[in-house]
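Dear colleague,

Please find the structure below, handed over for your own work. My findings on the ligand and its surroundings follow.

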Amino acid sequence: MHTAVLIPGDGIGPEVSVAVRQVLEAAEAPVRFVECQAGEAALEAGHDNLLPEETVEAIRSHGVALKGPCTTPIGKGFRSVNVALRKTLNLFAAVRPVRNLPGVKTRYENVDIVIIRENTEGLYSGVENFITDEVVASMKVATRPACHRIALWAFRYATRQRRKAITVLHKANIMKLTDGMFIEEAKRVHEQDYPNIEYSELIIDAASMKIVQDPTQFDVILCENLYGDIMSDLCAGFVGGLGVSPGANFGTEHAVFEAVHGSAPTIAGKNVANPLALLMSATMMLEYLAESRSDESCGAAASKIRAAYDRALGDGQKTQDLGGELTTTAFARAISERL
Ligand code: NAI
């Protein structure tokens, strides 16, 4: 039995977390969760901090976490707990697979993209200042070691996963130094260490047009932080939306698995959110445990869960975001029944 931290988060987080736990239990996945809080839920639980040291320490000690979304106020208020967690644990590589699912009809078939996002730098460095009352500035930060390590990570990932090509999206025509460094390091890693993986660079505005015209022409996409964030939601739209878009954040020692979506406040508490994105993130966690701890039973549980949700969707069992009528709970039950 492995232990993993579960951060339910807020908004739809608690309800999708419960649904995911139920499916994992029904699948007899060899994972026991230790529940911790972050964000608004941490304050409500009596902590004096949005990211309690206790939560960070628990992830350090258990090594893995499954995390629900945490709300960040827009234009005012506290800084993002999600960004803080990634920075504190140095979870520098975000991985977001985007694939068609059985029974989920979308505009495109055969979409199979993986977005790899640098998670610690860029405009998310949080360096924003008033220059005067009328002038504000936000600093975009790129460091060579971070650009190099994400490029290395992406090429290693592509090789291990038998992917063919990496496309780096950038705006180095305008941000010549920051994005310039990002592509320089990606190109260096390609030329020096991974010449067998096809490599290309695209300016992100032109790439956005190309990707909506035909997403099947893309394989692995490597981006700095902000572009990766935006491309993740954009690509989610190709395969059914945020309800079916999982993700993972990797560092050298820890990994936190979380859906691409946020706390979806307008549907929170209504038992209508799709738990699949978090469940798919949980299967990524099981695969990670299988590989990092050489435990085949985790890999078997992941395959079993994947087959069950594929079957449920194929049988037309869907939540509202996918055009169905099932509640969060009923969809989780439909998956469990097919395990
Ligand atoms: P969002 O992802 O919460 O919602 C965008 C749209 O997708 C909404 O229409 C929502 O109802 C729908 N949606 C999202 N997840 C869904 C699901 N599982 N099932 C069905 N529909 C779903 O993005 P938004 O509205 O921009 O952000 C809301 C809050 O979440 C903000 O405070 C934001 O900062 C935070 N956020 C947190 C993230 C995290 O914790 N990793 C990631 C993204 C946003």
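A backbone N or O atom of Asn274 lies 2.9 Å from a nitrogen atom of the ligand, a polar contact being a pair of N or O atoms within 3.5 Å. A backbone N or O atom of Ser263 is 3.0 Å from an oxygen atom of the ligand, and a polar side-chain atom of Glu258 is 3.1 Å from a ligand nitrogen atom. Of the 820 Å² of accessible area that the ligand has on its own, the protein covers 68% (Shrake-Rupley method, 1.4 Å probe).

This is a predicted model, in which local features need pLDDT of at least 70 and side-chain atom pairs pLDDT 80 or more, while totals for chains, interfaces and linings use all residues. Residues are numbered from 1 along each chain as its sequence is written, and side-chain values use heavy atoms, without hydrogens and water.

The ligand is surrounded by 21 residues, the closest being Cys70, Thr72, Gly262, Ala264 and Asn274 (a heavy atom within 4 Å).

A pocket is an open set of points on a 1 Å grid over the protein atoms alone, where a 1.4 Å probe fits, with protein on both sides within 12 Å along at least five of seven lines; lining residues have an atom within 4 Å of a point. The lining of the largest pocket has 47 residues, with Thr72, Ser80, Asn82, Val83 and Asp229 nearest its centre.

Yours sincerely

Notes:
A polar contact is a pair of N or O atoms within 3.5 Å; within protein, one must be able to donate a hydrogen and the other to accept it, and residues adjacent in sequence count only if both atoms are side-chain atoms.
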